[in-house]
Amino acid sequence: MQKIDRSFNLLNRTFLKAQDCNLADLAALCEQPTDSADYPHAGRVEKGVLIYDCPALLPQLSDPGFTDGLMAEWADAFANGPGVIILAWAEPDHAMLDQASDNFRALIDQQNRDGTGGGDHFAKPGANDRLWNSLEKHCLSDPANFARYYANPFLALVSQAWLGPYYQMTAQLNVVNPGGAAQSPHRDYHLGFQTAEHVARYPSHVHLFSPMLTLQGAIAHVDASLEAGPTLLLPHSQKYPAGYLATARPEFRAFFDTHAVQLPLKKGDMLFFSPALFHAAGTNRTTDVKRMVNLFQVSSAYGRAMESIDRTRMCKALYPALLTLNLTATQTANAIAACAEGYAFPTNLDRDPPIGGLAPKSQAALLHEALAARWTPEKLNAALDQQAAKRLP
């Protein structure tokens with residue numbers, strides 16, 4: 001009996017279940033105060049969020065000892081503290097920001113004329129103007145402005161604080177128009193962009209390390225008052241182990257609606273938080289403010305495989321064999337898992353937006369669909385090529 005009990009407990013510790021999520025556990029974490037004494041470089045704490053005065057910090061960034069201490073403080077804040085910081089006045093060059101904003105507006109106008117773009121992970125279609133891959137588009141359309149924009153020392157320092165050197169920058173511009181409704185509360189990339197059913201298949205240690213692979217952030221391109229709907233934040237919620245399963249549960253969403261905080265942002269302010277923090281873009285209740293923020297999702301350099309593999313070519317070779325071999329469904333799934341790309345990202349979200357779900361269709365899902373319908377190899381090959389073309393830069 002003791003062995004059976006141990007196996008049961010081990011199973012429940014390793015594979016989390018949505019029905020076992022306990023709101024009281026999250027509430028206890030969120031009741032923790034943010035002690036400014038633990039973060040001596042912070043200018044103040046407001047609504048549980050650490051606020052840093054960047055002009056005061058800037059003269060000291062040339063001191064490696066100071067920057068090491070500051071990075072250690074930020075890393076601890078993301079992991080063990082409130083999970084969120086605001087870098088006030090991080091970008092003082094508003095003329096440069098305005099130039100970038102004009103560039104982004106022109107790019108959005110162009111994609112609207114072309115009928116491209118669109119789709120959102122956590123908001124209704126049409127609520128926002130999205131510029132997917134604003135990083136590359138910014139660089140190609142105005143390299144000089146891009147250089148000045150990403151030369152910001154605080155953006156580099158906070159990215160290194162959480163991810164170490166050689167991090168990979170991505171960015172997506174989000175404009176919440178007047179009347180744009182709030183997003184649903186959620187966590188972010190990686191596990192946050194999958195359904196609860198898929199998330200439950202990952203062992204608990206993946207729930208813990210997933211947020212270590214990404215830093216979520218944003219820079220305000222305009223002043224964002226509370227009426228304009230800056231991001232809703234639930235400080236300390238990133239420490240709840242089962243949070244990726246809990247965000248869609250009604251009682252957790254009700255708790256978020258009651259306890260989430262908002263802080264106004266000024267043009268040039270930066271906001272950074274653990275991707276495991278419960279958060280959501282707020283409702284824009286103004287009639288004249290288009291709340292423009294550029295969202296940063298900075299990734300670890302280590303989130304990549306050792307070898308470059310042409311999985312499309314492999315899928316084309318494997319599929320005829322799968323049609324003829326007498327394999328069980330499990331054996332077929334195992335073979336596909338070894339061959340095909342099972343994850344929908346990275347992709348080109350202009351051509352492959354997450355419409356109708358949190359992520360586009362993966363290569364593995366396409367193979368399963370083809371087998372279920374007994375497609376000819378030629379039909380699958382054409383679908384694979386079309387899918388691969390969507391994912392190209």
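The following paragraphs lead from the overall form of the chain to several individual residues.

The structure is a predicted model, in which local features need pLDDT of at least 70 and side-chain atom pairs count only at pLDDT 80 or more, while totals for chains, interfaces and linings use all residues. Residues are numbered from 1 along each chain as its sequence is written, and side-chain values use heavy atoms, with hydrogens and water left out.

Along the principal axes, the C-alpha atoms fill a box of roughly 70 × 65 × 45 Å.

Of the 393 residues, 50% count as buried. Buried means under 20% relative accessible area, exposed means over 50%, and partly exposed lies in between (1.4 Å probe, protein chains only). The accessible surface of the chain is about 19,000 Å², and carbon and sulfur atoms account for 56% of that surface; areas come from the Shrake-Rupley method with a 1.4 Å probe, and for residues only the protein chains shown count as cover. Among contacts (heavy atoms within 4.5 Å) between residues at least 6 apart in sequence, 83% join residues at least 24 apart. The chain carries 32 positive and 38 negative side chains, and the centres of the two sets lie 8 Å apart. Lys and Arg count as positive and Asp and Glu as negative, whereas His and the chain ends are not counted; each charge is placed at NZ of Lys, CZ of Arg, CG of Asp or CD of Glu.

Some backbone features are found in loops. The peptide bond between Y189 and H190 is cis, with omega about 15°, and H190 belongs to the loop between β5 (168–176) and α9 (196–199). K47, which is not a glycine, has a positive phi of about 55°. This residue K47 sits in the loop between β1 (44–46) and β2 (49–53) and counts as partly exposed because its relative accessibility is 46%. R374 likewise has a positive phi, near 55°, without being glycine. The loop between α15 (363–373) and α16 (377–391) holds R374, which counts as exposed because its relative accessibility is 52%.

H236 is also a loop residue, lying between β7 (232–233) and α11 (243–246), but H236 is buried, with a relative accessible area of 3%. Its side chain makes a polar contact of 2.9 Å with the side chain of T34, and a polar contact of 2.9 Å joins the side chains of H236 and K239. A polar contact is a pair of N or O atoms within 3.5 Å; within protein, one must be able to donate a hydrogen and the other to accept it, and residues adjacent in sequence count only if both atoms are side-chain atoms. Leaving out residues up to four places away in sequence, H236 touches L29, C30, Q32, P33, T34, G81, P82 and L277.

Q297 lies in strand β10 (residues 291–299) and counts as buried because its relative accessibility is 10%. The side chains of Q297 and Q216 form a polar contact of 3.0 Å. Beyond neighbours within four places in sequence, the residues in contact with Q297 include Q168, M169, T170, Q172, T214 and L215. Also among them is Y189, a partner in the cis peptide bond with H190.

Definitions and conventions:
Helix = DSSP H or I, 4+ residues; strand = E, 2+ residues; numbered from the N terminus.
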